[in-house]
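These are my notebook entries on one chain, written while I went through the model element by element. I kept to what I could look up.

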Amino acid sequence: MEPDISEELADALVRIQRLVRRRLRGGLTGPRLRGAEVELLRLVEARPGVGISDAARALHLAGNSVSTLVNQLVRDGHLTRETDPADRRAARLMLTGAAEKRLEDWRRRRTELVGRHLSQLDEADREALRAALPALRRLAVTLHEEAEEA
C-alpha cells in the first residue's frame, strides 16, 4: 500500500474527528467529558452490566485506569455500580438516566452537524463517501483485531 494514501486517510479521519468534537463541545449542557470517559460510557451503553476488567480489555486500558474513570463517572452521576450476583466482589456498570440522555443528545447533535455538512457536498461526493463506508468499517475491524492481539 502506498504510504501517501495511508497518511492522507489517517490525517483526514483525525481532522474530521477533532473538528466534530470541537463543534459539539459548544452545545454542552454539563461539564465536558474527556474522550476516555465518553468511550467508557458508550461501551457501557452497548454492553450494560459490563465489568471493569472486561471494559479495560475492550478499551485497551489498564484496569486501574478504568477504575479511576469509573470512580469519576459514578461521582459525577453518569454510572452506577451494581454488585455482580455471581461474584459479590465484582461490580457491573450501568448508565444513569442522565448519562443516557447526554449520550442521546450528543448522538443527535453529531448526526445533525455531520448531516448539515454532508448536504453541502454534491451528490457525487456523498455517493463516494457512502461507497467508502464498508471499506472504512473493515479497516476499523482490522485495527481492532490487531489491538486485541497486542
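Entry 1. What covers the buried residues of H4? I looked this up in the model, which is a predicted one, and found that the cover includes helix H2 (35–46) and helix H3 (52–59), together with strand S1 (79–84) and strand S2 (87–95).

Entry 2. I then listed the buried residues of H4 themselves, which are Val66, Leu69, Val70, Gln72 and Leu73. They cover an arc of only 165 degrees around the axis, and I therefore place them on the same side of H4.

Entry 3. I checked the length of H4, which takes in residues 63–75. Its 13 residues should span 18 Å at 1.5 Å a residue, and since the end C-alpha atoms are 18 Å apart, the two values agree. After H4 comes Gly77, for which I read a positive phi near 85 degrees.

Entry 4. Which residue has a positive phi although it is not a glycine? I found His60, with a phi of about 60 degrees, and I located it in the loop between H3 and H4.

Entry 5. I moved to Ala58, which is found in helix H3 and counts as partly exposed at 23% relative accessibility. Leaving aside residues up to four places away in sequence, I noted that Ala58 touches Leu43 and Arg47. I also recorded that Ala58 and Glu148 lie 90 residues apart in sequence, while their C-alpha atoms are 8.3 Å apart in space.

Entry 6. For helix H5, residues 97–118, I repeated the length check: 22 residues should span 32 Å at 1.5 Å a residue, and the end C-alpha atoms are 31 Å apart, which agrees. Which residues of H5 are buried? I listed Ala99, Arg102, Leu103, Trp106, Arg109 and Leu113. They cover an arc of only 135 degrees around the axis, which puts them on the same side of H5. On the other side of H5 I found Gly97, Lys101, Glu104 and Thr111, which are exposed.

Entry 7. I finished with the protein chain as a whole, whose secondary structure comes to 6 helices and 2 strands, running α-α-α-α-β-β-α-α from the N terminus on. Its C-alpha atoms fill a box of roughly 55 × 40 × 20 Å along the principal axes, and of its 150 residues 21% count as buried. Among contacts with a separation of 6 or more, I noted that 54% are made by residues 24 or more positions apart. The chain exposes about 10,600 Å², of which carbon and sulfur atoms supply 54%. As for charge, I recorded 27 positive and 25 negative charges, with mean positions 8 Å apart.

Note on methods:
Residues are numbered from 1 along each chain as its sequence is written. This is a predicted model: local features need pLDDT of at least 70, side-chain atom pairs count only at pLDDT 80 or more; totals for chains, interfaces and linings use all residues. Side-chain values use heavy atoms; hydrogens and water are left out. Helices (H or I, at least four residues) and strands (E, at least two) are DSSP runs, numbered from the N terminus. The expected span of a helix is 1.5 Å times one less than its number of residues. Buried means under 20% relative accessible area, exposed over 50%, partly exposed in between (1.4 Å probe, protein chains only). The arc is that of the directions from the helix axis to the C-beta atoms. Contact means heavy atoms within 4.5 Å. Accessible areas come from the Shrake-Rupley method with a 1.4 Å probe; for residues, only the protein chains shown count as cover. Lys and Arg count as positive and Asp and Glu as negative; His and the chain ends are not counted. The place of a charge is taken as NZ of Lys, CZ of Arg, CG of Asp or CD of Glu.
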